[in-house]
Amino acid sequence: MENIENIKNPNNELFLAASQAKEKYYGKKVFFRGLIEFSNYCTNDCYYCGIRRSNKEVHRYRLNQEEILSCCAKGFELGFRTFVLQSGEDPYFTDQIMTKIIDDIRNSFPDCAITLSLGEKSYASYQNFFAAGADRYLLRHESANEEHYQKLHPPTMSLKNRKECLYNLKEIGFQVGAGLMVGSPFQTPEHLADDLMFLKELDPHMVGIGPFIPYKDTVFAGEKGGTVEATLLMIALTRILLPKSLIPATTALGTIDPRGREKGLHAGANVVMPNLSPVNVRNDYALYDNKICTGEEAAECRQCIEKRISNAGFIPDFSRGDYYLVLQ
Ligand code: 5AD
Ligand code: FES
């Protein structure tokens with residue numbers, strides 16, 4: 001693996017090629033998304049995740065519709081034009097409740113993009129959400145290798161179903177985000193190659209790539225985490241394979257390295273997702289240990305990250321930031 005110092009060096013050919021691929025479509029722009037983590041209840045039990053069902057140590061919370069709307073309003077005032085509504089797989093939020101929330105956001109903020117990240121749902125549910133006005137959906141595939149996928153998830157889950165959800169979302173018309181954790185337990189370079197080939201085949205609009213970070217109350221508590229270097233390598237390769245994709249410099253990357261998000265942008269990422277969730281629930285949405293930005297108010301977070309982006313030589317962009325083709 002490359003020496004870490006080379007990663008910031010513009011002469012590093014891989015990162016240079018990734019940056020050029022990105023700039024061809026998006027220039028130096030970095031798009032902002034306001035993240036609202038509205039429930040940490042989850043019926044799933046993924047072995048790596050801090051909010052998995054079996055973790056009895058988590059204090060569970062749900063924001064109600066009014067609270068979610070007020071996060072959007074605060075975000076709108078701060079300039080955000082994309083809201084990402086993320087939760088565990090929480091059965092409380094039925095299609096009926098969810099479509100009402102989406103519909104309200106759509107009517108209150110007509111020029112904003114609504115991104116959902118609610119996990120695996122039926123074709124009909126995805127259709128309902130789309131009809132209510134959601135534009136985008138994030139659902140990481142986690143691993144495109146069947147055996148590896150099974151080692152990260154309980155037997156109730158399957159890669160086949162995950163892939164089907166992603167293809168369904170695409171067919172319905174969502175801008176779709178797939179993605180994976182780098183350095184997750186049992187992952188080999190061959191698995192990462194499988195991930196890249198799957199990404200090329202699915203051709204998603206967005207790809208979330210962050211390091212795996214062990215969390216204390218999970219099956220993988222004692223496992224090693226992913227490295228900055230390997231994560232940057234995967235970001236760069238993904239960018240080169242899918243030059244028009246929107247790739248976040250993830251919070252997880254910023255968690256394992258204080259300059260991780262900047263490094264991610266230099267390796268080909270072009271999105272950041274500051275948190276708009278109320279500060280009093282931030283700590284409870286802990287998917288992994290030592291998550292950053294849990295104490296900052298949304299306004300502080302926005303300012304901090306905006307400054308970091310400018311200092312790194314990029315242009316903060318607060319437009320909806322749609323996928324390139326959609327702009328045509
Ligand atoms: N480390 C890093 N990322 C994690 N996620 C869940 N648990 C962890 C962890 N321990 C990621 C998963 C999921 C996304 C919402 O967060 O990839 O799709
Ligand atoms: Fe599956 Fe959280 S329990 S991602």
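1. Cysteines and burial. Cys-46 is buried, at a relative accessible area of 10%, where buried means under 20% relative accessible area, exposed means over 50%, and partly exposed covers what lies in between, all with a 1.4 Å probe and protein chains only. Cys-165 is likewise buried, its relative accessible area being 3%. The cysteine sulfur closest to that of Cys-165 belongs to Cys-46 and is 13 Å away, so the two are too far apart for a bond. A disulfide is a covalent bond between the sulfur atoms of two cysteines; the rule applied here asks for a pair of cysteine sulfur atoms within 2.5 Å, and by this rule the count of disulfides is zero.

2. Conventions. This is a predicted model, in which local features need pLDDT of at least 70 and side-chain atom pairs count only at pLDDT 80 or more, whereas totals for chains, interfaces and linings use all residues. Residues are numbered from 1 along each chain as its sequence is written, chains are lettered from A and ligands numbered from 1 in the order in which they are written, and side-chain values use heavy atoms, with hydrogens and water left out.

3. The shell around the ligand. Which residues surround ligand 1? They are Tyr-48, Cys-49, Gln-86, Arg-140, Glu-142, Met-181, Pro-211, Phe-212, Ile-213, Leu-287 and Tyr-288, a residue being counted as near if one of its heavy atoms lies within 4 Å of the molecule. By class, this shell holds eight nonpolar, one polar and two charged residues, on a scheme in which Ala, Val, Leu, Ile, Met, Phe, Trp, Tyr, Cys and Pro are nonpolar, Asp, Glu, Lys and Arg are charged, and the others, Gly among them, are polar.

4. Polar contacts of the ligand. A polar contact is here a pair of N or O atoms within 3.5 Å; within protein, one must be able to donate a hydrogen and the other to accept it, and residues adjacent in sequence count only if both atoms are side-chain atoms. A polar side-chain atom of Glu-142 is 2.5 Å from an oxygen atom of ligand 1, while an N or O atom in the side chain of Arg-140 is 2.9 Å from a ligand oxygen. On the backbone side, a polar atom of Tyr-48 lies 3.0 Å from a nitrogen atom of ligand 1. Taken alone, ligand 1 exposes 400 Å², of which the protein buries 87%, with accessible areas from the Shrake-Rupley method and a 1.4 Å probe; for residues, only the protein chains shown count as cover.

5. Thr-82. This residue is found in strand β3, residues 82-87, where helices (H or I, at least four residues) and strands (E, at least two) are DSSP runs numbered from the N terminus. Thr-82 counts as buried because its relative accessibility is 0%. Its side chain forms a polar contact of 3.2 Å with the side chain of Arg-136. Beyond its neighbours within four places in sequence, Thr-82 is in contact (heavy atoms within 4.5 Å) with residues including Phe-32, Gly-34, Thr-115 and Arg-320.

6. Glu-120. Is Glu-120 buried or exposed? With a relative accessible area of 16%, Glu-120 is buried, although it lies in the loop between β4 (113-117) and α5 (123-132). The side chains of Glu-120 and Arg-162 make a polar contact of 2.6 Å. Cys-165, taken up in the opening point, is among the residues in contact with Glu-120 once neighbours within four places in sequence are left aside, as are Glu-89 and Tyr-149.

7. Thr-99. Helix α4, residues 95-108, contains Thr-99, and a polar atom of the Thr-99 side chain lies 2.7 Å from the backbone oxygen of Asp-95. Not counting residues up to four places away in sequence, Thr-99 touches Asn-128, Phe-129 and Ala-132.

8. Asp-203, in the loop between α8 (189-202) and β7 (206-211), has a positive phi of about 55° and is partly exposed, at 34% relative accessible area. Cys-293, in the loop between α12 (279-282) and α13 (298-311), has a phi near 65° and is buried, at 19%.
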